[in-house]
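Please look through the sequence and the model below before reading on.

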Amino acid sequence: MKNSLSFYIMFFIVTSCYSQEESVYLEVIGTYETGIFNASGAEIPAYDAATKKIFFTNSANNSIEILDISDPENPQALSPIDLSPYGAGPNSIAVKNGLVAVAVEANPKTENGHAVFFDTNGNFQFAVEVGALPDMITFTPDGNRALVANEGEPENGVDPEGSVSVVNVNTQTVTMINFSVFNNYPLMPSIRIFPGKTVAEDLEPEYISVSSDGSMAWVSCQENNALVFINLSTLEPYQLTGMGYKDHNLPENALDASDMDEATNITNWPVKGIFMPDAIAYSEYNSSPFLLSANEGDARFENQRIEDITLDVSSFPDAANLQLQENLGRLEISLIDGDIDNDGEYEELYSYGTRSFSVWNGTTGELIWDSGDDFEQIVSQYYPDNFNSDNNENGTFDLRSDNKGCEPEGILVAKIGNESYVFILLERVGGIMVYNITIPYSPTFVQYINNRNFAGNPANGTAGDLGPEGAVFIPAADSPDGPLFLLLRMR
């Protein structure tokens, strides 16, 4: 697919004059294409209100691309920033107080990477060494610190420890936060630490969200199905919480588990989904913290199809029927979870991700609410002929049903008027799910918009927007022309 950035105008509407109920809807107003196909040429965006510029990572060219969006319907490309002097490629970007921060990985990725800082004209300011595979970077609300999630992903037998780097942008110094404090920590059962690894070695930070007062940070460790709590006053991690599982046998948690049944079949199965969120976002309600998560799921080569494992017949008396390809046989599950007595037969089945977004208590890490099977039900209604399609090829109906479905990838929260909204990006089938989360205990669906053209050709750029992962919300006060709009990354 052509890597592109699309601009969505966000209209604010009052749906009831009597109740003053507020809502929003999105409409595409412009797109910029890099001309690069299927190579992460437009990945993570950031916005600077003072200059009306968009900065986004282009991993294919190892650069930061810059767009002038003074006229968002006609974005203009400016000179890019070459990142080759600083590392092998960018993974994330953030902008605050006129400073552009970029997370750049090393080659090999198991060596320490760098956080590199520029002004909004693209002039180099400074660079600092951070941990291995810096995968996400964000500023604290005051802009005085940048936080980097160093994933520490293993490669070629080398497995560096995951960590968080805290960069003081005023002194240009770094404090490294590791997770060795959890090596002897009593772990919740749903925290996935791989055999032979310490907790510090195995935790892989994926995404960071920061409280509005800058006192707290939460770190999602996707492959570990865990959430780390960090006190930003003391720069110490103090809590490690497992995110639990989702029971797909409950009526509200149905899923389509097969890519070989030639049909949409959203139904209940004896499978537990591992939440494994990618992006997380912070929100508040009645002065209490909440987190929202896009529950994508991810494997480390420990995955296997259910048709290729041995099921314990006492737990699954209908094993032969379940393992048919049109039933559960094609679904990918984890081999390190579910064999309770280690006899090679699986008493439980754990699949990757939950095809949903969730709301979590920001103090305890407890699950507050989950969208259940909403996403698959909604997509099947809006695009029945393209349900669970892949992102890089059209004509792929049902192809992703056996492997994480629509894959909720990115998430962001915005306050619009008196209401709060969450936007969830679906990486595979594409598009944005919009929910009202003003009351986080009972979110309500607002809109699903997908700018993909299922009749087009992804390779030649006629298929529209594909594979969303990152987005930025621009309030009316900061936008070029007044209305609120989103910038959505497509890859």
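The model is a predicted one, in which local features need pLDDT of at least 70 and side-chain atom pairs count only at pLDDT 80 or more, whereas totals for chains, interfaces and linings use all residues. Residues are numbered from 1 along each chain as its sequence is written, and side-chain values use heavy atoms, with hydrogens and water left out.

The pairing of β28 with β29 (residues 367–370) is antiparallel and runs over three bridges, where strands count as paired if DSSP finds at least two bridges between them, and where helices (H or I, at least four residues) and strands (E, at least two) are DSSP runs numbered from the N terminus. Five residues separate the two strands in this hairpin, and Gly365 in the turn has a positive phi of about 80°.

The largest nonpolar core has 25 residues, and those with the most contacts inside it include Phe357, Ile411 and Tyr435. Such a core is a set of buried Ala, Val, Leu, Ile, Met, Phe, Trp, Tyr and Cys residues joined through side-chain atoms within 4.5 Å, buried being under 20% relative accessible area, exposed over 50% and partly exposed in between, with a 1.4 Å probe and protein chains only. Among the elements that give two or more residues to this core are β28 (357–361), α4 (374–382) and β31 (419–426). Ile411 touches, among others beyond four places in sequence, Ala279, Leu292, Phe357 and Ile424, contact meaning heavy atoms within 4.5 Å. A second, separate core of 22 residues includes Leu147, Ile177, Val210 and Ile230.

Elsewhere, Ile191 lies in the loop between β14 (173–177) and α1 (199–202), and with a relative accessibility of 7% Ile191 counts as buried. Beyond its neighbours within four places in sequence, Ile191 is in contact with Asn224, Ala226, Leu240, Thr241 and Gly242.

Zero disulfides are present in the structure, a disulfide being a pair of cysteine sulfur atoms within 2.5 Å. Cys221 is buried at a relative accessible area of 1%, and Cys406 also counts as buried, at 1% relative accessibility.

As for confidence, the protein chain averages a pLDDT of 93, and 94% of the residues score at least 70; pLDDT is the predictor's confidence in each residue, from 0 to 100. Over residues 12–21, however, pLDDT stays under 50. Where pLDDT is low, the predicted coordinates should not be read in detail.
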